[in-house]
Amino acid sequence: MSIARFWRETPRRYNLGGSRCRTCQTVYFPPRAVCPTCTQHRQSLGRMEPFQLSGDGEVVTYTVVHDAAEGFEMQTPYALAIVRTVEGPQLTGQVVDIDANDVRIGLKVRATFRKLREEGAAGVIHYGYKFAPAERITHPSAPEARDRSPAESPSTGKGGARA
Ligand SMILES: [Zn+2]
């Protein structure tokens with residue numbers, strides 16, 4: 001599914017709708033009414049326009065959470081990351097669809113909308129964005145990773161343990 005179609009099919013309130021300053025082109029999320037980057041804030045008055053973030057970005061830093069808050073117990077351990085979007089704004093969110101231990105700095109991710117938590121049996125379900133890997137995850141111990149590695153070079157005759 002294309003990103004554009006994904007966003008069209010996502011209820012508006014879940015969108016990563018930010019704003020962009022038409023004077024300096026800086027993108028903000030959440031949206032701002034004035035631009036703090038412009039040297040004189042009033043330059044940006046009336047020059048902020050809605051801007052839809054693509055949801056693409058990469059992990060800047062992350063932490064693996066083992067002790068979750070009430071309502072999140074079923075999800076531990078999980079990785080909580082700061083993601084720098086391709087448009088600039090940095091977002092914080094959980095990284096899903098990946099083993100928490102496989103998350104790394106520089107990992108390409110894409111925002112995806114998921115259930116965040118549920119309050120009680122008949123309670124309110126909260127949705128929000130999380131991040132899923134946007135690149136193939138290679139795990140050193142996974143067979144497919146080994147298969148994709150370059151063939152081991154022939155013995156160079158140096159210190160072989162398989163004499
Ligand atoms: Zn500006």
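Arg22, with a relative accessibility of 38%, counts as partly exposed, a class that lies between buried (under 20% relative accessible area) and exposed (over 50%), as found with a 1.4 Å probe on protein chains only. The model is predicted, so local features are given only where pLDDT is at least 70 and side-chain atom pairs only at pLDDT 80 or more, while totals for chains, interfaces and linings use all residues. Residues are numbered from 1 along each chain as its sequence is written, and side-chain values rest on heavy atoms, with hydrogens and water left out.

Strands and helices here are DSSP runs numbered from the N terminus, with at least two residues of type E for a strand and at least four of type H or I for a helix. A salt bridge is counted when a side-chain nitrogen of Lys or Arg lies within 4 Å of a carboxyl oxygen of Asp or Glu. Arg20 also belongs to this group, being linked with Arg22 and Glu49 in a network of salt bridges.

By this rule, the count comes to 6 salt bridges. One of them brings together the side chains of Glu58 and Lys108, at 3.3 Å from N to O, and it spans 50 residues, from Glu58 in strand β4 (residues 56-65) to Lys108 in strand β7 (residues 108-118). Glu58 is partly exposed, with a relative accessible area of 27%, and Lys108 is also partly exposed, with 40%. Another salt bridge joins Arg104 and Glu135, at 3.0 Å from N to O; here Arg104 lies in the loop between β6 (90-95) and β7, and Glu135 in the loop between β8 (125-133) and α2 (143-148), 31 residues apart. The relative accessible area is 38% for Arg104, which is therefore partly exposed, and 28% for Glu135, which is partly exposed as well.

The next feature is the metal site. The zinc ion has as its protein donors the SG atoms of Cys21, Cys24, Cys35 and Cys38, which lie 2.3 to 2.4 Å from it. Donors are N, O and S atoms within 2.8 Å of the metal (3.2 Å for Na, K and Ca), and a site may look incomplete because water is not among the atoms. The angles among the 4 donor atoms run from 103 to 117°, and the site is tetrahedral, a label that requires four donors with all angles between 85 and 135 degrees. Along the sequence the donor residues follow the spacing C-x2-C-x10-C-x2-C, and both Cys35 and Cys38 are buried. Pro36 lies in the loop between β2 and β3 and, at 37% relative accessibility, counts as partly exposed. Its C-alpha atom is separated by 9.4 Å from that of Thr26, which is 10 residues away along the chain.

Val95, when neighbours within four places in sequence are left aside, is in contact (heavy atoms within 4.5 Å) with Ala79, Ala81, Val103 and Phe131.

The structure holds 2 aromatic pairs, and one of them is formed edge-to-face by Phe29 and Tyr129, with 6.2 Å from centre to centre and 70° between the planes. Phe29 is in the loop between β2 and β3 and Tyr129 in strand β8, 100 residues apart, so that distant parts of the chain are linked. Rings of Phe, Tyr and Trp (its six-membered ring) pair if their centres lie within 6.5 Å, with planes under 30 degrees apart called stacked, over 60 edge-to-face and the rest tilted. Tyr129 is partly exposed, with a relative accessible area of 22%. Tyr129 and Phe131 likewise form an edge-to-face pair, at 5.6 Å from centre to centre and 65° between the planes, and Phe131, at 0% relative accessibility, counts as buried. Together, Phe29, Tyr129 and Phe131 form one aromatic cluster.

Methods
Tetrahedral: all angles 85-135°; square planar, octahedral: opposite > 155°, others 65-115°.
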